[in-house]
Structures are given as structure tokens and as C-alpha cells.
Amino acid sequence: MAEDDARPAIDYRWPENPTLLGRDISRLDGPAKVTGHARYTHDLERPGMLYGAVVRCPHAHARVTRIDTAPAESMAGVRIVRPVKSVGDEIQWALAEVVYLAADTEARARDAARAVVVDYEVLPHHVDGSDRENGPRGSDPQESSEGDPDAAFRAADRVVEGTYAIESVAHSCLEAHGQIVEWDEAGDEMTAHCSTQAVSSLTGQFAETLGIQASDVRVICQYMGGGFGSKFGPDPWGIECARLARAAGRPVKLMLERDAELTVAGDRPSTYARVKVGVREDGTVSGWESESWGSGGLGGAGSPPIPYVFSFPDRRHRHDSISTNVAGSRAWRAPNHPQACFVTLAAMEDAAAALGMDPLDLLLANLQHTPFAETYRAELEQTAEMIGWRERWRPRGEGGPESSGPVRRGLGVALHAWGGRGHRSNCEVHIHPDGGLEARLASQDIGTGTRTVIAIVLAETFGLGVDDVTVKIGDSRYPRSGTSGGSTTVGGVSSSTRRASMNARARLFETVAGKLDASPGELEAIGGTIRVQGDPSRSLTWAQACGTLGVNPLVATGSHPGEGDLDDSGVGGVMMADVSVDRETGVVRVVRMVAAQDCGLIVDARTSRSQVEGGMIMGISTALAEEKVIDPVTGRMLNVDYESYKLAGYADVGTLEVHLMDGPEHRARGPIGVGEPPVIAPAAAVSNAVANALGVRVPHLPLTPRRVLDALEAHATRRSPAERSA
Amino acid sequence: MEPFEYAGPTTPEQAVERLAERRGESELLAGGCDLLALMKDRVRTPRRLVGLRGVAGLRDVSWGDETGLSIGAGITLTDLSEHGEVARRFPALAASVAHAAGPQIRNAGTLGGNLLQRPRCWYYRLGYGLLPRHDGRSMVRAGDNRHHAVLGNDGDALFVTPSTIAPLLAVLGARVRLLGPEGERELPILDLYRTPRQEGEREHAIGDDELLTAVLLPPPPAGLRAASYEVRQRQTLDWSQATAAVALRMDGDRVTASRIVLGQVAPVPWPAPGAEAALAGQRLTRLALADDVLVAAGRAAVTGAQPLSQNRYKIRLAEVATRRAIQRAARGEVPGLDSMEGGSP
């Protein structure tokens with residue numbers, strides 16, 4: 001690219017008057033997905049492919065005393081059997097992998113897995129992450145302190161205490177983890193079709209573990225059925241799939257079954273907390289003290305960022321990490337933020353209730369402690385307007401105006417924050433002499449609309465429509481691009497694509513400038529033409545312009561980070577929930593939820609809103625229904641199917657309304673991801689709305705009928721002596 | 001799943017023969033909604049499946065003014081809920097069936113399959129058995145029993161009966177017709193259910209060489225009002241956490257007779273004679289949920305309930321479901337598609 005250096009510097013920036021950016025554009029692969037033409041890893045087959053299966057340990061804690069693979073090895077069609085545990089090995093969670101094998105058919109592979117004999121010495125297990133007294137520690141306690149909380153409590157008008165709990169939830173990827181691995185004939189180079197969030201980085205991860213060169217690994221993922229933070233690595237089963245395939249000399253497909261997917265492929269840690277809040281009569285928080293504990297499995301769980309969003313000057317927090325005989329947690333969409341948001345915003349709502357204050361006013365009174373006070377203020381006003389907060393909110397327990405009989409209505413609010421700066425990304429743009437325009441990145445569309453966003457940026461830069469361009473992603477042979485996690489993708493791929501597109505455009509202008517009797521700097525790409533700025537009479541059609549390239553395509557690259565200020569970090573959002581609660585059955589329904597979300601420059605309004613709606617649905621699901629139930633007797637997860645691991649369905653999430661914050665100050669920041677942010681606040685908002693409806697905090701999520709009725713009963717028991725005397 | 005052979009009889013008698021040939025090793029396959037999942041998980045491992053799809057007459061519905069309604073057990077739940085005679089004579093039944101499970105299951109699942117589905121107990125589904133024990137104690141009592149029985153739970157059978165339709169059929173006086181090698185027999189639907197006392201016993205009083213051919217409903221007496229109420233957490237496909245079915249015979253606004261049966265609270269559909277007694281002779285006018293009569297009936301319905309360590313709330317749910325089902329029946333309400341489980345009462 002030495003010749004690029006000689007060119008005048010390109011002023012990399014987002015267009016001031018875009019034709020596509022910020023519009024409602026349907027995701028480009030939507031039709032392929034809804035018609036079933038999109039082929040996910042789970043759908044793929046390779047010639048001569050074998051099927052893998054796994055022998056799993058049924059005990060939460062055990063020592064292997066015998067492994068006999070002979071019965072499986074002697075079965076017809078069984079090609080290879082590989083134990084990954086040995087006699088004497090200790091197993092630390094249920095459904096841990098003991099033996100891998102591959103066979104000609106899926107059925108045969110499963111039969112063979114059942115034929116393997118493994119004996120265990122069963123050891124005592126500890127699976128209760130709420131047991132702070134007896135639970136072994138996953139790591140040292142984490143403690144943090146600012147200012148002088150004790151003095152702050154003495155200065156407070158009220159000190160309000162509460163306990164809160166939120167159970168561990170699964171990622172619930174509709175497409176289970178897994179892959180197909182195949183090798184070349186020499187067994188030197190491998191191709192892995194993976195359901196992954198990390199096409200580029202898997203190459204090195206596979207290579208390192210397998211002892212081969214990263215350049216000999218190719219990873220492909222065209223369509224992906226959900227990861228939510230649980231699909232960043234090759235996973236033990238990916239490595240073993242590669243080993244099986246190399247040893248067998250045939251492709252091997254190994255996808256997790258649902259019980260294993262829910263049990264061992266990651267989860268979000270549980271969080272239990274005690275909080276003490278000191279407040280003044282005007283609603284300002286003067287002091288904060290909290291302790292939390294919880295578990296994400298054997299390694300325990302890191303501390304949620306409590307207090308969340310609000311950096312009260314006088315505060316103290318301690319977290320204990322409880323180790324359990326449960327498979328390890330993984331990043332779950334906005335790791336630890338939903339739990340921290342619930343604990344913090346519930347405690348603040350409880351403090352508002354103790355003061356007899358509208359929690360919206362209490363939040364407004366404390367915004368100076370947040371990173372985005374003005375954004376939050378605008379979003380609180382926006383969402384309050386959308387849901388009719390000022391007209392409809394009633395003090396806790398009075399029930400919203402639509403309450404009827406035992407069915408009480410209530411409103412709740414919560415807010416959240418996330419970073420989301422664009423990740424490292426490289427993009428290669430090809431302009432073909434036949435008019436084809438193509439972007440190549442080894443990124444992946446994990447269902448968020450990445451393909452569509454790249455197409456919009458590419459088409460925008462060349463004055464074309466999204467249907468005029470081709471986006472090639474999902475293959476590690478394209479230029480490296482970051483993993484899709486932490487809401488970093490849209491900032492990364494949009495910026496690299498913009499730079500590559502502007503580089504390519506500048507070179508195209510140089511090529512065609514002579515034809516238009518102009519200098520390259522005078523040209524613009526607009527409406528399917530290349531023309532002298534503002535002069536339609538001196539223009540070439542896109543096809544004519546590309547025709548000047550000769551026989552070879554023009555290829556230009558762009559990277560992120562890079563020159564020009566194209567991205568930013570840090571977004572805030574607010575959600576408000578309107579719920580109904582049946583006091584007699586404990587059934588909670590979300591009637592409506594509204595969101596205002598900051599996402600910087602909106603690339604595609606439709607998929608941005610869709611991201612927020614998806615986060616709301618996922619968050620509501622965790623508020624109402626989701627919970628990994630671990631059996632105290634066997635140590636196994638009991639609800640290992642979607643009949644008993646309950647996900648909210650379409651009918652359960654109410655009406656969702658999303659307002660994307662927009663305007664010059666937002667656009668100037670460039671695109672910022674919204675994968676994580678919208679999943680953070682729903683549980684807190686719903687919990688607060690339920691407290692508002694019932695007059696009682698249901699401290700334990702998910703808000704099942706059992707927990708709602710238990711909380712009402714506990715409340716009635718506490719109050720009954722006073723009531724009796726009255 | 002384990003290999004099995006498949007028999008495809010065309011008459012009920014052939015089906016019974018196919019069963020009897022490999023008695024104890026065969027299972028009947030109707031819609032397959034439950035059985036196939038159990039087989040995939042190897043909770044059930046039949047050597048032979050006797051498919052009912054081609055069996056003539058199992059989907060017929062007929063009405064006689066004297067005999068009442070005969071419903072072939074092989075009818076799908078969708079067809080049952082949409083059958084004109086069913087909707088006309090037993091609107092509460094049509095409504096209940098229309099809300100069972102979800103559309104896909106109603107399209108494939110049959111009435112017989114619904115009545116004879118196996119318990120949803122997660123220990124059973126994981127292969128620990130219907131009366132699971134661990135180190136000499138009940139796994140359910142020691143384990144996670146939030147969804148288990150609060151009534152009829154003095155033994156080791158702690159699962160709950162899954163059908164939401166059976167309680168309503170019971171209060172409507174349904175009988176079931178079984179065909180075996182020795183011919184036909186009929187029994188009241190409640191007698192189809194039993195509480196197993198030891199592992200290996202089935203929770204249905206049907207021989208392993210018998211076929212459930214029909215459900216028979218007597219003509220509804222004048223003044224009959226029936227309803228059921230299910231407490232479901234989710235509006236999406238979900239299991240009821242407590243169901244109450246009620247049939248009232250009314251003389252004006254006075255209850256002359258009633259039948260009340262609960263579901264999902266005990267290993268079997270659970271009759272509530274105490275609740276029936278509480279209603280006897282009572283006037284049900286301008287019902288409010290807090291009405292003393294309803295409260296008394298609800299309390300009586302759960303007489304003898306014994307919570308396990310985690311399911312006290314289910315007693316409350318059964319009480320509330322009873323009250324709301326009575327109220328719904330007394331008002332002659334047939335819930336619409338969106339509100340089987342109520343919402344605002």
C-alpha cells in the first residue's frame with residue numbers, strides 16, 4: 001500500500017447527509033432465514049461425514065474408577081473412540097465429558113456412547129450457590145470502598161435495607177454449540193464449520209491446542225443460531241471433534257444435545273445480595289453498603305458492578321465467590337450487569353418507597369453520580385412520556401389506575417450503561433470491472449444484523465443501494481475481524497468498512513477523473529453515478545465507472561482502529577415496565593415495556609430496534625421465568641429441556657416500544673453497539689413494577705407464582721401483629 | 001432411541017392383538033407427542049410400537065339424545081375442540097381443549113394421548129423412575145419438589161397428574177371405554193387413574209393389552225354449568241400449576257348438585273367432595289371472589305393438603321383455581337382464546 005501513502009490524506013468521517021444510514025432497512029438475510037434456505041452449522045453435512053457423540057458423567061462430583069470402551073469399539077460403524085478422562089480422574093460437574101467417539105450414523109454414535117461402561121466413585125457435591133456459610137470459595141473476596149459510608153449513614157434521614165436474589169440462567173442458544181471439522185488428505189490443514197462468535201480468533205485457538213499452524217486452520221460460520229457470549233472459544237468438544245476427524249480421516253460433526261447445552265455450555269452466575277442505602281428526604285443517596293455472593297460454577301463468580309451506574313461518593317461493597325460442582329459460567333450478554341442493575345435499582349426503588357417518593361424523582365435526584373447524566377435525563381423524560389408515568393404512577397401498593405380486583409397494575413423503571421467501542425477489524429473492498437462491489441471481512445453475523453450493517457456502510461459510501469453490493473463474511477480466509485462480543489461489532493466493522501470503502505472510492509475517482517475532465521478531489525459517488533460534485537451533466541454511471549478499471553478489480557483495505565474519528569464508547573439507556581400481578585395466583589404479566597436507547601450513529605434503525613426488542617424479550621424472560629434448577633440430591637440440572645426450563649414466549653412479553661436516541665450529538669459519535677445494553681434493565685424494571693403493583697418487594701427472581709405468593713405471605717406475617725392489635 | 005418394531009393395525013381388535021402378542025413390551029403410538037420424547041430419552045424403551053393412525057373408527061364423534069356424546073380417543077385435540085357437537089353440548093370442554101398445550105401439539109396430540117400421557121416430573125423424565133429413591137429416601141422429598149403434589153402425597157408417588165382435560169371430563173361424568181382381549185369394559189374416568197405404590201406400577205388403571213377407544217359423556221342435565229380454571233405462569237405453551245374443574249347443577253341461582261375435581265395437585269385427578277359439600281344448597285348470585293361461600297369451598301377443596309419442602313404455594317393456587325372455576329361456572333362463562341387462565345377475573 002506504499003502508493004496509498006503518496007495520495008492526499010483522506011478525511012475519514014461519516015457522511016453528513018446520508019441516504020442509507022439511519023434508515024429502516026430489513027436485514028438482508030431475513031428471507032433466507034425465514035424460508036429455511038439459510039444453512040446453519042447444525043444443517044450442514046459433508047461428504048463421508050461421521051457423527052460424534054459424548055459419554056458424559058451423570059454425577060456432579062465423582063472419581064472415575066473404570067472405563068471400558070471395548071463394547072463401543074466392537075460395534076459396526078463405530079470408527080473411533082477417545083477417552084478424555086482416565087481412571088482416577090476427578091470430575092467436578094454433571095454431564096462432564098468422559099469419552100468421545102464417532103460413528104457412521106448419529107443413531108449408531110449414540111448407541112455406542114451408551115455402550116461405553118464408566119464406573120465412578122461418587123463424591124459429595126456442593127451445588128447451592130446461595131449457601132455463603134458453607135460454600136467453598138471460588139476465589140478471594142472482592143472488596144471496594146470509597147469515601148466514608150459509615151459517616152454517610154449517620155448523616156442520612158433514612159437507612160433502608162433489603163435482600164435480593166437472582167438465579168443462574170442459561171444462554172439458551174437455539175442452535176446448540178458444535179461444529180463439523182474436516183482435514184485435508186495429509187491431515188495437515190483443517191476446516192471447521194462452527195457455530196461461533198469468533199471466526200477470526202478460532203483459527204489460532206484451534207491451532208495452539210492442536211499443535212498446528214494457525215494458517216492451516218480455516219473457520220467458517222455463515223449463519224449462527226445464537227451465542228450470547230457462550231461461543232467465543234473452540235471448546236473442548238471442538239478440539240476433540242478435530243482430533244476425532246483427523247484420526248478417522250473423515251469429517252466429523254458434533255453438536256451438543258439440549259441437556260448438555262443447558263448444563264455444560266455456560267450460564268450466567270447467580271447473585272444474592274444484602275444492601276443498605278442511606279437517603280436524605282430529598283431523595284439523594286448519601287451512603288451505600290452492599291455485600292453480594294453467588295456462583296457460576298466451580299470457579300465461582302466475579303463481583304457484579306454494585307452499585308450499578310451510580311458512583312455514590314460514600315460506598316462499600318464486598319463480594320464472595322461461591323464454588324459449586326456446576327460447569328463454569330460464561331459471558332452472558334452484558335456479563336454481570338443485569339444482576340448488578342437488579343440489585344442496585346431495586347434497592348433504590350425500595351429507598352424511594354420508604355421515603356414515599358416517586359422512584360423516577362429519586363433517580364433524577366441522583367443522576368450527577370452517573371456517567372451520562374444528560375442522556376439519562378432525556379431518556380427518562382422520553383420513556384416517562386411513552387408510558388404515561390406522571391399520569392399513571394401511584395405510590396407503592398396503591399395499584400395503578402387500571403387495577404381490578406386481585407389483579408394489580410404497577411410501573412417500574414431502571415437504567416443501564418455499556419461501553420461498546422468498536423473492536424479491531426480489517427475490511428477489504430473489491431470493485432470489479434463488471435460493477436460488482438464487495439466487502440470481505442472475517443467477521444460473523446450472530447443474528448444481530450452485521451451483514452446488513454456492512455452492506456449499508458459500503459453502499460452508502462459509493463452512492464449505491466444495499467442490493468447493489470455483496471458482503472462476504474463468516475470465513476477466516478477473509479481479513480481478520482474481531483469477535484462478536486461486548487457490543488463491539490458494529491463499531492468495528494462499520495469503521496473498517498467505511499475506511500476501506502473510502503480508500504477504494506478515492507482510487508476509483510483517480511481512475512475515472514480523466515474521463516470526466518476533472519480532478520479526483522472534485523468527484524462524488526451519488527445515486528448510482530460517479531460525477532463532478534453537484535453537476536449531473538458530468539457523470540458516469542456506476543457500471544461505466546467500473547468499466548474503466550480494465551481486467552483487474554480494484555482492491556483496497558481499511559482497518560479499525562485507524563485514521564479519523566469514526567467510533568466512540570459508552571451508551572446509556574432507560575426502560576420502564578408496566579405490569580399486572582394477580583395477588584391471588586402470583587402470576588405476573590408484562591403488559592408493556594418501553595425503552596429509550598442511546599447507540600451513537602444509527603446505521604440501520606430497524607435492526608437496531610430489533611436488537612433492543614430482543615434484549616427486552618430476553619430480559620423479561622429472565623425476570624419472569626428463567627432459572628437453572630440444580631438438584632440438591634443428584635447435583636444435576638433438572639430442567640434440561642424447554643418444557644421445564646421456561647423461556648418467555650411471544651405472548652408473555654407484552655407490547656414493546658423502542659425509541660432510539662438520535663440527533664447531531666449522537667450521530668457525531670459514530671456507531672456504538674447495542675447488543676448488551678438492552679438486556680440489562682428489564683429484570684430490574686419488571687421487579688420494580690411488581691413491587692409498585694403489590695406494595696411488597698418480591699426479592700427473588702425469577703418472579704414465579706411461588707415467589708410472589710411467598711413474598712406476599714411473608715409480608716402478611718410480618719404485618720399481622722400490628723393488624724391484630726388494630 | 002432403542003430399536004423397535006412397528007405394527008400398523010387397521011381395527012381396534014387388531015391393535016389389541018398386536019399389544020397382547022408382546023405384552024409388557026409394547027406401547028400404543030397415537031400422536032406421539034409424549035411417547036416419542038420418552039423413547040428418545042430412553043425413559044420408555046418399548047420393543048414394539050402399535051401405531052393407531054390407521055385404526056378405523058378411533059376418531060369418530062357421535063351424539064345420541066339418550067346415550068350422550070361418544071368421542072373416539074384418537075381424535076386430535078384440535079378436531080375435538082372444533083367439533084360442532086362438542087362445542088354445542090359441552091362448551092367448557094371445547095374451550096379447555098382449545099387451550100391445552102400449544103397449536104402444534106393440539107394438531108398432533110389425541111384425546112387418548114392427553115389422558116394417558118406420563119407425568120412431567122423432572123426426576124421421571126431424567127430416568128430416575130416415577131417413585132425415585134436415593135440412599136433410602138425419596139428423591140423428591142429431599143430434592144426439588146416445587147412442582148410436585150400437595151395432596152395424595154403420603155406415599156412415594158409425588159408427581160402430579162398432567163392432564164388438564166381429565167378433571168373437566170370427570171366433573172361432566174365421563175366414562176372411558178377400554179378394549180382388551182376379553183372384550184370391552186367401561187369405567188368412570190377417575191377410575192382410570194391410580195396412585196402407584198411401587199416402582200414399575202403405572203399410574204393408569206389400564207392393562208398393558210388394553211386400548212382406550214372412547215370417552216363417553218352422558219347428556220348434560222338441564223341447568224348444568226361447567227368450567228375449569230388453570231393457573232398457568234406463561235401464556236405461551238406451559239403446564240398448569242393447578243387446575244380446578246367444576247360442574248354445577250343450578251335451580252335458579254341455587255346449587256342443587258356439584259362436582260369439583262382438581263388437577264396438577266396430586267398424583268391423580270383429585271375429587272374435592274368437601275368443596276362440593278360447601279356449595280350444596282348455596283345461592284350463587286353476584287359472586288365476588290371474596291365471597292364466603294367461595295372461600296369456604298376453596299378451603300375445603302384442599303382439605304388434607306400437605307406441602308412438601310418447596311410447594312406450599314400450590315395449596316393456595318388450588319384454592320384460588322377452585323374459587324375461580326366455581327365463579328366462572330356460575331356465571332356461565334366460557335373463556336375466550338386469550339384468557340383460559342383468567343387474567344382479570
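I began with Phe4(B), which lies in the segment before strand S1 (5-7) of chain B; strands here are DSSP runs of E with at least two residues, and helices are runs of H or I with at least four, numbered from the N terminus. I noted that the model is predicted, that local features need pLDDT of at least 70 and side-chain atom pairs pLDDT 80 or more, while totals for chains, interfaces and linings use all residues. Residues are numbered from 1 along each chain as written, chains are lettered from A in the order written, and side-chain values use heavy atoms, without hydrogens and water.

I then looked up the cover of Phe4(B), and found this residue partly exposed at a relative accessible area of 33% (buried is under 20%, exposed over 50%, partly exposed in between, with a 1.4 Å probe and protein chains only). Together with Met1(B), Tyr6(B) and Leu36(B), Phe4(B) makes a nonpolar surface patch of about 350 Å²; patch residues have over 30% relative accessible area and no salt bridge (a Lys or Arg side-chain nitrogen within 4 Å of an Asp or Glu carboxyl oxygen), with nonpolar side chains joined within 5 Å and like charges within 9 Å.

On chain A I found a negative patch of Asp184(A), Glu185(A), Asp188(A) and Glu189(A). Glu185(A) sits in the loop between strand S10 (178-183) and strand S11 (190-194), and is exposed, with a relative accessible area of 87%.

Lastly, I recorded that chain A has 19 helices and 29 strands, and that 61% of its 726 residues count as buried.

Key
Accessible areas come from the Shrake-Rupley method with a 1.4 Å probe; for residues, only the protein chains shown count as cover. Lys and Arg count as positive and Asp and Glu as negative; His and the chain ends are not counted. The place of a charge is taken as NZ of Lys, CZ of Arg, CG of Asp or CD of Glu.
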